[in-house]
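Hi,

Here is the structure I promised to pass on. Have a look at it first, and then read my notes below.

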Amino acid sequence: MSGLKGNALIFGAGNVGRGFLGHLLYLSGYRLTFADIDQSLLQAIRERQGYTLRLADQDRVEDVWIAPVHAIHVEDATAMAQAITAADIAVTAVGARALPVLAQSLATGLVQRARARPEVPLNIILCENLRDAHRIFRELIRQNLPSDLHRYLDQCVGLVMSVIARMVTTPSAEMRAADPTLIIAEPYQHLPVDRHGFIGPIPAIVGMEPRDRFDAWVDWKLYIHNAGHAVLAYLGYRRGHHYGYQALEDPQVGPWSAQAMRESAQALVAEHGFDRAQLEADVQDLLRRFANRALADPISRLARDPLRKLAPADRLVGAATLCLRHGIIPDALSWGIAAGLTFDDPADASAVELQRRLKTEGLDRVLAEVCGLDPTSDLAGWIRVRYQRLCAGEMPLPQREGAVELL
């Protein structure tokens, strides 16, 4: 691509990094540098000086070559400091657990940047499934910076929250053997960001949509998109499906996912004042995207890490709690939580730990310590009954597709 307008540093060369952020920044005219820990992937990108992005929709599959691309290891302190100093924009897609380590590397680079480009702000778009990621990450960076640079951090480093809604899946082993740089994603191209997180002018990035009242958009993503996917995955796993589109087509699974999203949507209308018709259009669009056979999103990816996904403020329990706050019965969401508690994929360390805790500590203690629920509460009672029915092999249909009742 000619006419490159600047340097973009992408922390994390995984699904979101290559499958979404790299694409938008490439389309926006930036020179890309990925920083990651996967040495074999970095080497493959270096050898090719780029990577392959496969955009897969229901009626079209297209391969896009993303280049030029540079790749560095996050433990290469010199290369990291140089990249942080040269960056005109940065993004993170490393996972919440990796933020403390990334903060150390970033702080080292900011020391050099503060000397070399003291008046030039660096905006970092945070693409992590973590509430208040901007506050948490700023404090982590501060802890690793010399005290005389704390003011520089606050005045020159913008930490910008975002909502990631493009679905990206991992290629098969055969595909990776043919091209280790390949990543597969849907062509969805919207990146809502918190406009108030930027320092200085907001850059023009393809697909980026600066928004006000960003907490409402975080809830939108978590409680509609993520919740619908989780219900689809956990009930789909119970039914033996391998891919999300298969679960969606199952009349004993798909309607529950749709109903869960509508329960959340009604709660979001009450909580944040969203337009009801627009949220219904969003649900319909998500159901269309969930049905994407070309993407072949595996249930194992959608369901993985149930301990995190069953946490008090996360996609299922958080959505159910919000429903109850506004007098809405979280029927489908309760089934999703119960199904999540039964998720026992032996290849998923979080699922293995969850099942161990259920066996040794019991359901009530797991509801209290994992889900943050009072075992005597109505919600815990509904989950308990559904959990027992699922364990007994039951999987009833919703009484009315999309029904949402008020308490």
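Before anything else, one term: I call a residue buried when its relative accessible area is under 20%, exposed when it is over 50%, and partly exposed in between (1.4 Å probe, protein chains only).

Some ground rules. This is a predicted model, in which local features need pLDDT of at least 70 and side-chain atom pairs count only at pLDDT 80 or more, while totals for chains, interfaces and linings use all residues. Residues are numbered from 1 along each chain as its sequence is written, and side-chain values use heavy atoms, with hydrogens and water left out.

**The whole chain**

The protein chain has 18 helices and 12 strands; these are DSSP runs numbered from the N terminus, with helices (H or I) of at least four residues and strands (E) of at least two. Its radius of gyration is 22 Å, close to the 22 Å that the globule rule gives for 407 residues, so the chain is as compact as a globular protein of that length. The radius is taken over C-alpha atoms, and the rule is 2.2 Å times the number of residues to the power 0.38. Along the principal axes, the C-alpha atoms fill a box of roughly 65 × 45 × 45 Å.

Of the 407 residues, 56% are buried. I say contact when heavy atoms are within 4.5 Å. Among contacts between residues at least 6 apart in sequence, 73% join residues at least 24 apart.

**The cores**

In soluble globular proteins, nonpolar side chains tend to be buried together. A nonpolar core here is a set of buried Ala, Val, Leu, Ile, Met, Phe, Trp, Tyr and Cys residues joined through side-chain atoms within 4.5 Å. The largest one has 106 residues, and those with the most contacts inside it include Phe11, Leu110, Phe137 and Ile224. Helix H8 (residues 214-238) gives this core its largest share, 14 residues. Apart from it lies another core, of 36 residues, with Val168, Ala185, Val193 and Ile205 among them.

Leaving aside neighbours within four places in sequence, Ile224 is in contact with several residues, including Met261, Leu268, Leu279 and Leu286.

Beyond four places in sequence, the contacts of Thr169 include Asn15, Ile183, Asp297 and Arg301.

Val157 is in strand E8 (residues 157-161) and is buried too, at 0% relative accessibility. Val157 and Phe198 are 41 residues apart in sequence, yet 8.3 Å apart in space, C-alpha to C-alpha.

Which peptide bond is cis, with omega near 0°? That is the bond from Ala67 to Pro68, and Pro68 lies in the loop between strand E4 (61-66) and strand E5 (69-73).

Gln49 has a positive phi, near 60°, and is not a glycine. You'll find Gln49 between helix H2 (39-48) and strand E3 (51-56), where it is exposed, with a relative accessible area of 52%. Asp305 also has a positive phi, about 65°, without being a glycine. The loop holding Asp305 runs between helix H12 (299-303) and helix H13 (306-309), and Asp305 is buried, with a relative accessible area of 12%.

Cheers
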